[in-house]
Amino acid sequence: MAADLSGPGGATIPRANVSAKTATVGSAGITTMAGTANTRVVVDAGMAAYQTLDSARTYIKRDTLANDGVVGKYGALPQLQVVIPAYQAVGVYTATLVYTLYEN
């Protein structure tokens, strides 16, 4: 996450209190949204348990081994968790989640 969650009256929730995981990792955790399925596209094994979003995390990856020209659009459904501190101000909190794509 780019910063802590911002709320009413300057209240914040630390980005370390926001975590994500997936129900399934590996190729079984991938949904092919378009194109052809590719078993080399996987949800990273680290996403089997909640990972805080206060630092960069690998979510989906594809090994650099031969992919035989397979092209597609792939996704995975995250499960998010926010730990709200005691006596936190009531209201709407927002933050920006940054995705960065790296080429192997």
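The following legends describe close-up views of a predicted model of one protein chain.

**View 1. Overall form of the protein chain.** The protein chain contains nine strands and zero helices, and its elements read β-β-β-β-β-β-β-β-β along the sequence. Its C-alpha atoms fill a box of roughly 55 × 20 × 20 Å along the principal axes. The radius of gyration is 17 Å, whereas a compact globule of 104 residues would have a value near 13 Å. Of these 104 residues, 24% count as buried. The chain exposes about 7,000 Å², of which carbon and sulfur atoms supply 55%. Among contacts with a separation of 6 or more, 69% join residues 24 or more positions apart.

**View 2. The open sheet of three strands.** The strands are arranged in the order β6-β3-β9, and their pairing is antiparallel. Strands β6 (51-52) and β9 (79-82) stand at the edges; each has a single partner strand, so one side of each is left without a neighbour in the sheet. Strands of a sheet pair through backbone hydrogen bonds, in either a parallel or an antiparallel sense.

**View 3. The pairings made by β3.** Strand β3 pairs with β9 in the antiparallel sense over four bridges. Within this pairing, V18 has V82 of β9 as its bridge partner. With β6, strand β3 forms an antiparallel pairing over two bridges, and there A20 has Q51 of β6 as its bridge partner.

**View 4. The largest nonpolar core.** This core comprises 14 residues, of which M1, L5, V18, I30, V43, L53 and Y93 touch the most other members. Strands β3 (18-21) and β5 (41-43) each supply at least two residues of the core. In soluble globular proteins, nonpolar side chains tend to be buried together.

**View 5. The surroundings of L53.** L53 is one of the core residues that touch the most other members. When its neighbours within four places in sequence are left aside, L53 is in contact with M1, R15, V18, S19, A20, L80 and L97. Two of these partners, M1 and V18, are likewise listed among the core residues that touch the most other members. V18 is also the residue whose bridge partner in β9 is V82, and A20 is the residue bridged to Q51 in β6.

**View 6. N38 in the loop between β4 and β5.** N38 lies in the loop between β4 (31-35) and β5. Is this residue buried or exposed? N38 counts as buried because its relative accessibility is 9%, which falls under the 20% limit. A polar atom of the N38 side chain lies 2.9 Å from the backbone nitrogen of R40. Beyond its neighbours within four places in sequence, N38 is in contact with R62, N67, V70 and Y74.

**View 7. M33 on strand β4.** M33 lies in strand β4. This residue counts as exposed because its relative accessibility is 58%, and the limit for exposure is over 50%. Not counting residues up to four places away in sequence, M33 touches K73, Y74 and G75. The C-alpha atoms of M33 and Y74 are 5.5 Å apart in space, although the two residues are 41 residues apart in sequence. Y74 is also in contact with N38.

Definitions and conventions: Residues are numbered from 1 along each chain as its sequence is written. This is a predicted model: local features need pLDDT of at least 70, side-chain atom pairs count only at pLDDT 80 or more; totals for chains, interfaces and linings use all residues. Side-chain values use heavy atoms; hydrogens and water are left out. A nonpolar core is a set of buried Ala, Val, Leu, Ile, Met, Phe, Trp, Tyr and Cys residues joined through side-chain atoms within 4.5 Å. Buried means under 20% relative accessible area, exposed over 50%, partly exposed in between (1.4 Å probe, protein chains only). Contact means heavy atoms within 4.5 Å. A polar contact is a pair of N or O atoms within 3.5 Å; within protein, one must be able to donate a hydrogen and the other to accept it, and residues adjacent in sequence count only if both atoms are side-chain atoms. The radius of gyration is taken over C-alpha atoms; the globule rule is 2.2 Å times the number of residues to the power 0.38. Accessible areas come from the Shrake-Rupley method with a 1.4 Å probe; for residues, only the protein chains shown count as cover. Two strands pair if DSSP finds at least two bridges between them.
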